[in-house]
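Biologist: Please show the model, and then let us go through its layout one question at a time.

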Amino acid sequence: MNQNFDIIIVGGGAAGFFTAINIVEKNPKLKVAILERGAEVLQKVRISGGGRCNVTHACFEPNELVKFYPRGEKELRGPFHQFCSGDTIEWFEKHGVELKIEDDGRMFPVSNSSQTIIDCFLKATQKLGISVLTGQSVQSIFKKDNFWKVETQNENYIVGKLILATGSNPKMWEMLQQFGHAVINPVPSLFTFNIKDSRIKELPGVAAQVSVKVKDSKLTSTGPLLITHWGMSGPAILKLSAWGARILHDKNYQFTIFINWLNDVETNEAEKILKDLKQEQAKKAVSKKSPFDFPNRLWESLVLASGIETETKWADLSKIQLQNLAHQLTNATFQVNGKSTFKEEFVTAGGIDLKEINFKTMESKLHQNLYFAGEIVNIDAITGGFNFQNAWTSGFILANNI
Ligand SMILES: Cc1cc2nc3c(=O)[nH]c(=O)nc-3n(C[C@H](O)[C@H](O)[C@H](O)COP(=O)(O)OP(=O)(O)OC[C@H]3O[C@@H](n4cnc5c(N)ncnc54)[C@H](O)[C@@H]3O)c2cc1C
């Protein structure tokens with residue numbers, strides 16, 4: 001029986017390491033161990049952000065930052081007032097890692113390598129005397145008086161305080177359910193839409209600024225859309241997949257979307273614009289040049305889909321053809337059949353019910369001296385560095401209040 005530690009953190013990922021380092025920096029006397037089931041720690045950090053680790057996002061206002069979290073928006077408001085993305089930049093700078101902002105707001109280490117973040121964490125844990133124990137897969141946890149007993153396949157630990165930072169691991173959620181915790185059923189978030197449709201078949205790589213609606217739901221989003229070999233991706237689609245994670249799961253990823261390629265222009269307005277173009281460009285071929293701010297190839301495809309042949313002149317467009325084109329531009333219907341992973345960046349919506357966590361301390365409301373950090377709780381965000389920010393913020397709050 002190992003009783004050498006004051007605190008055990010289960011999970012050697014981003015949240016586990018950040019929490020451990022902050023705890024011991026605040027209270028160097030505490031003996032802390034990280035138990036990791038794998039042979040190596042920080043595996044997700046390594047592959048994150050395409051190997052560059054998108055550490056956080058340049059959104060420094062807590063009330064704005066929360067808007068990127070489909071699950072956790074309300075609960076993170078308080079925590080972000082204690083530790084926000086600006087604090088993340090400062091924290092890493094203090095630990096020798098400089099971050100840079102890219103045009104879209106994503107922040108990466110200047111080195112462009114996730115290894116920099118891994119090295120930073122490993123150096124800090126070594127310096128602080130934190131024990132990092134790999135090959136320790138936690139099989140069960142028990143509560144015994146004021147202590148927690150943690151069993152791995154080859155060792156038993158007794159500790160006063162237990163921190164769970166096991167990410168989206170279903171086994172740990174099952175164990176917690178046995179302790180009375182409610183777990184919100186995990187479903188995928190952040191995915192692209194599979195669409196087979198002649199209008200986009202030849203257009204992979206084409207992008208446009210659009211608004212998208214999901215039929216029979218309140219789900220809408222705006223932003224750049226990217227046509228891919230399998231269907232559609234880009235921020236407008238990824239946002240829908242995150243906000244609609246549960247609704248789209250319930251539809252078994254079979255649903256209809258409406259795309260407005262003119263973003264916020266209504267169908268009758270579009271018809272008026274097209275009528276004016278009919279006058280102004282009477283002698284020109286309709287499909288020749290896109291009059292709108294999106295690529296010509298997409299325009300040609302929408303013109304064809306409206307029943308207008310390639311050489312047709314603007315002057316020769318019938319009323320019906322004009323109406324069809326206005327419809328294709330502002331309310332084009334596409335059938336989604338399934339989903340694909342976005343750049344292998346799979347995020348899970350689901351986890352410990354937020355109602356059962358005290359967000360001032362990250363302690364369980366059901367069990368004293370049991371804490372949570374990172375993705376194990378029912379919080380997730382869209383892509384852009386927000387998921388790691390949740391890991392850093394929860395780790396900091398926990399360390400500050402334990
Ligand atoms: C390919 C990919 C790229 C990503 N890129 C980004 C990005 O650039 N920016 C961003 O913000 N987010 C990104 N994300 C999301 C981000 O990686 C996660 O939100 C984040 O890693 C969650 O951290 P965590 O520590 O809570 O969980 P994890 O990183 O999943 O760590 C949990 C750890 O616990 C261990 N564990 C689980 N169960 C047990 C057990 N029973 N006993 C012992 N150990 C256990 C696991 O082995 C793991 O090491 C990416 C995700 C993926 C998959």
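Predicted model: local features only at pLDDT ≥ 70, side-chain atom pairs only at ≥ 80, totals over all residues.

Biologist: What share of the residues counts as buried?

Modeller: Buried means under 20% relative accessible area, exposed over 50%, and partly exposed in between, with a 1.4 Å probe and protein chains only. The C-alpha atoms fill a box of roughly 85 × 40 × 35 Å along the principal axes. Of the 402 residues, the buried share is 54%.

Biologist: What percentage of the contacts with a separation of 6 or more comes from residues 24 or more positions apart?

Modeller: A contact here means heavy atoms within 4.5 Å. Among the contacts of the protein chain with a separation of 6 or more, residues 24 or more positions apart account for 73%.

Biologist: In what order do the strands of the open sheet with S8 run?

Modeller: Two strands pair if DSSP finds at least two bridges between them. Six bridges join S7 to strand S8 (residues 147-152), and four bridges join S8 to S9. The three strands form an open sheet with antiparallel pairing, in the order S7-S8-S9.

Biologist: Which are the edge strands of this sheet?

Modeller: An edge strand here pairs on one side only. In general, strands of a sheet pair through backbone hydrogen bonds, either parallel or antiparallel. The edge strands are S7 (138-144) and S9 (156-159).

Biologist: Which residue takes a positive phi in the hairpin of S7 and S8?

Modeller: Lys-143 has Trp-148 in S8 as its bridge partner, and Lys-144 stands opposite Phe-147 in S8. The hairpin has two residues between the strands. The positive phi, near 50°, belongs to Asp-145.

Biologist: In S9, which residue is the bridge partner of Val-150?

Modeller: S8 and S9 form a hairpin with three residues between them, and the two strands run antiparallel. In S9, Val-150 is bridged to Tyr-157.

Biologist: Why does Asn-387 count as buried?

Modeller: Asn-387 lies in helix H13 (residues 386-401). Leaving aside neighbours within four places in sequence, Asn-387 is in contact with Val-347, Asp-380, Ala-381 and Ile-382. Asn-387 counts as buried because its relative accessibility is 18%.

Biologist: Is Glu-75 buried or partly exposed, and at what relative accessible area?

Modeller: Glu-75 is found in the loop between helix H3 (62-65) and helix H4 (77-82). Beyond its neighbours within four places in sequence, Glu-75 is in contact with Leu-354 and Phe-359. Glu-75 is partly exposed, and its relative accessible area is 23%.

Biologist: What separates the C-alpha atoms of Glu-75 and Glu-363?

Modeller: Along the chain, these two residues are 288 residues apart.

Key:
Residues numbered from 1 in each chain as written. Heavy atoms only, no water.
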